Amino acid sequence: MDHMKKIQECLRPELDEMDAIISESLRTSNPMMNDIVTRYLKIKGKQIRPILVMLSARMFGAVSREVLLAGAALEMLHNASLIHDDIVDETELRRGVATINATMGNHIAVLVGDFFVSNALAAGIRTGDIRVVSALSALGKELSLGEIDQICNARDHTLEECSYFGMIRQKTASLFMNCVRMGAGLGGATPEELDRLVRYAELLGLCFQIKDDIFDYYEDPRIGKPTGNDLREGKVTLPLLYALRTAPEAESRPMRDLLLAGDLAPADISGLIEFAKRHGGVEYAYDRMRAMQREGEEILATFPDSESRRAFTGIFDFIISRHN
């Protein structure tokens, strides 16, 4: 059994209770909405984000009703972002199942995504804790700005690592950070303890996105998206950024020219991917993740040993080694 499955099994009663909260929150008098939501909720991911909420609460206290509501709020907000992403990216399949936009059209999909957002906020309010509501509102802003930054980087052909890391911090790591901020806060962490664990969650989130970006350089049916999909959308990620920065000018200049010209042909995308691999871009991305993991281990070592602390270590291992 892998790390995530073990953690999921340890938290099964809490996750089941949280799922019940989500189902109850999303139930309506409208048969169409109920049918769409019911079918959508059957397709579960790893639920990493609510797991982070629960583990961080356990490190300092217990998984209370408020913690479950916070986890439900974050899971609904995360799913809303996926529904909206599928619309923007014209995605037809998610986790092997037809997306809402593919089966019901963009109009319905937007409304369902908005419905998830509204219920996420309602679940946050039910915690009775202003810190949860504040984190949810801040997160909505971060996720939106992260996506806008990614679009701007693609349009402006920004090829700098600092811009890339700033974008993935907002787009992905911010969600991980707010999971821990809510859970540890509700669990009773001190401000100093909270700051340390939030930094750990930031490292987790950054690595999650870097690994997602590495998938774009390989053909693997488990991944669920075609090779070079990011480049096709104008997104230049860490392996290619490193190769562009370190390769000899005679090799990097033609690659830069391709990116600046835009409208990449399939052969251009294949050439850019091979260029990044040849110049150690993927290895560099793994090195960056391992360095972040080492920093994370140093942070965790400042907390007393516990089942939750060991689970956090397991999640980091899972993120770096996952196949989808």
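**Close-up views of a predicted model**

**View 1. Thr 127 sits in a loop between two helices.** Thr 127 counts as buried because its relative accessibility is 8%. Buried means under 20% relative accessible area, exposed over 50% and partly exposed in between, with a 1.4 Å probe and protein chains only. This is a predicted model, where local features need pLDDT of at least 70 and side-chain atom pairs 80 or more, while totals for chains, interfaces and linings use all residues. Residues are numbered from 1 along each chain as its sequence is written, and side-chain values use heavy atoms, without hydrogens or water. Helices (H or I, at least four residues) and strands (E, at least two) are DSSP runs, numbered from the N terminus. Look at the side chain of Thr 127. One of its polar atoms lies 2.6 Å from the backbone oxygen of Gly 124. The Thr 127 side chain also reaches the backbone nitrogen of Asp 129, at 3.2 Å. Leaving out residues up to four places away in sequence, Thr 127 touches Glu 66, Leu 69, Ala 70 and Val 132. Contact means heavy atoms within 4.5 Å.

**View 2. Asp 216 is a buried loop residue.** The loop lies between H10 and H11. Asp 216 counts as buried because its relative accessibility is 2%. Which backbone atom does the side chain of Asp 216 reach at 2.7 Å? The backbone nitrogen of Asn 229.

**View 3. Gln 47 has a positive phi.** The angle is near 55°, in a residue other than glycine. Gln 47 belongs to the loop between H3 and helix H4 (48-60). Is Gln 47 buried or exposed? Gln 47 is buried, because its relative accessible area is 8%.

**View 4. Helix H12 (residues 238-246) is covered by other helices.** Its buried residues are Leu 238, Pro 239, Leu 240, Leu 241, Ala 243 and Leu 244. The cover includes H9, helix H10 (191-215) and helix H11 (229-232). Helix H13 (249-261), helix H14 (266-278) and helix H15 (281-300) are also part of the cover. Now zoom in on Leu 240. Apart from neighbours within four places in sequence, Leu 240 is in contact with Tyr 217, Leu 231, Leu 259, Leu 272, Phe 275 and Ala 276.

**View 5. The largest nonpolar core has 103 residues.** A nonpolar core joins buried Ala, Val, Leu, Ile, Met, Phe, Trp, Tyr and Cys residues through side-chain atoms within 4.5 Å. Phe 116, Leu 197, Ile 210, Leu 240, Leu 259, Phe 312 and Ile 315 have the most contacts inside this core. Helix H5 (residues 65-89) gives the largest share of the core, 13 residues.

**View 6. One cavity of 30 Å³ or more is found in the structure.** On a 1 Å grid over the protein atoms alone, a 1.4 Å probe fits in a cavity but cannot get out; a pocket is open, with protein on both sides within 12 Å along at least five of seven lines; lining residues have an atom within 4 Å of a point. The largest cavity has a volume of about 120 Å³. Its lining has 13 residues, and Asn 153, Thr 158, Met 167, Lys 235 and Val 236 are the closest to its centre. Helix H8 (130-156) and helix H9 (161-187) are the elements that give two or more residues to this lining.

**View 7. The second largest pocket has a volume of about 220 Å³.** A volume is the space filled by probe spheres set on grid points, joined across faces, edges and corners. The pocket is lined by 16 residues, and Tyr 40, Ile 43, Val 97, Ala 98 and Ile 100 are the closest to its centre. Helix H3 (31-41), H5, strand E2 (97-98) and helix H6 (100-104) each supply at least two lining residues. H6 gives the largest share, four residues.

Technical notes. Polar contact = N/O pair within 3.5 Å; in protein donor to acceptor, adjacent residues only side chain to side chain.
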